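Work through the exercises below with the model open. Try each task before reading its solution.

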Amino acid sequence: MDGVPNHPAASDLPALPVLQADCANCFALCCVALPFAKSNDFAMNKPAGTPCKNLQQDFRCGIHTRLRDKGFQGCTVFDCFGAGQQVSQVTFGGRDWRTHPGTSRQMFEVFPVLRQLHELLFYVRQALTLPAAAPVHADLRRALAETEEWTRADAQALTDLDVGPLRQQINTLLLKTSELVRAKVPGRKKNHRGADLMGARLSGADLRGANLRGAYLIAADLTRADLRTADLIGADLRDTDLRGADLRDAIFLTQPQLNAAQGDPTTQIPPSLTRPTHWT
């Protein structure tokens, strides 16, 4: 996940920040900056900017190995795409919010902005590894360079940044990428973009090349489903049953999505992602 595949389209890419969380080099920003509400995902309410009660003085979680048992499943499915360590070690040069309390407000404001930028980098980098998307690779490389440059901006510039226009620009390119990749799949492809498929029974379904962008697949049965080259960007996979499913070559699938789903040793995933520890 940390390296760009050796692909001609990626040969002139800028050096990118690591797009995977490195909690050891982060000041627990997700445990402080972000709010959460008491629900099935969190055992309590916490306002933005307030440290979680489980956070220790060394910026480590006191119940990290027992998060699901303690009612904090939401923590186990979150990934900052490496924004946490970027803010902590690059934007703020290793100055933490406890030792330097004057940095806290701005640090907590910058974190969600940088997370969006890192998420965009993740998607664009993946698009650049897809040969079928060659017609938009030049535009993708330009978007990647612009986004990467923003990740190195100072705290004030990031605080003032409106990510919306950049996200819209990149989304247009990702849509085109999706169309080009899925067009290579023979036959008629299913279009479930934004569909409410909560609890749907799709066991064994042929979803190759399907458009599942933003689909609600919460607790859906996708056991043994074929999701190769399906577009899963923004799909809600909370408690989706992926046992035996084939997600190799699924496009724009992220680690947080896998973490939110249920799977087993027979679930096939892209080599760039990691099998969640709670899958049995």
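**Exercise 1. Check the length of helix α6 against the expected span.**

Solution. Helix α6 covers residues 164–182, 19 residues in total. Helices here are DSSP runs of H or I with at least four residues, numbered from the N terminus. The expected span is 1.5 Å times one less than the number of residues.

Before going on, note the ground rules. This is a predicted model, numbered from 1 along each chain as its sequence is written, with local features needing pLDDT of at least 70 and side-chain atom pairs pLDDT 80 or more, while totals for chains, interfaces and linings use all residues. Side-chain values use heavy atoms, leaving out hydrogens and water.

**Exercise 2. Find which residues of α6 are buried, and what covers them.**

Solution. Start with the cut-offs: buried is under 20% relative accessible area, exposed is over 50%, and partly exposed is in between (1.4 Å probe, protein chains only). The buried residues of α6 are Leu166, Ile170, Leu173, Leu174, Thr177, Ser178, Leu180, Val181 and Arg182. Their cover includes α3 (104–127) and α4 (137–151). Recall the geometry: an α-helix has 3.6 residues a turn, so residues three or four places apart point the same way.

**Exercise 3. Describe how α4 packs on α6.**

Solution. First, the angle: about 145 degrees, with the axes 11 Å apart. Axes are lines fitted to C-alpha atoms over the stretch in contact, and angles run from 0 to 180 degrees between N-to-C directions. Next, the residues. A contact means heavy atoms within 4.5 Å. From α4 come Asp139, Leu140, Ala143, Glu146, Thr147 and Trp150; from α6 come Leu166, Gln169, Ile170, Leu173 and Thr177.

**Exercise 4. Locate the largest nonpolar core and its main contributor.**

Solution. Such a core is a set of buried Ala, Val, Leu, Ile, Met, Phe, Trp, Tyr and Cys residues joined through side-chain atoms within 4.5 Å. The largest has 49 residues, and Leu29, Val87, Trp97 and Met107 have the most contacts inside it. α2 (83–91), α3, α4, α5 (155–160) and α6 each supply at least two residues. α3 gives the most, with 13 residues. Apart from this core lies another, of 28 residues, with Ala200, Ala230, Leu237 and Ala245 among them.

Now look at α3 itself. Of its 24 residues, 20 are buried, so α3 is largely enclosed by the rest of the structure. Then take Val87. Beyond neighbours within four places in sequence, Val87 contacts Leu29, Phe92, Met107, Val110, Phe111 and Leu114.

**Exercise 5. Is lysine 38 buried or exposed, and what does it touch?**

Solution. Lysine 38 lies in the segment before α1. Its relative accessibility is 61%, so lysine 38 counts as exposed. Leaving out residues up to four places away in sequence, lysine 38 touches Ala43, Met44 and Asn45.
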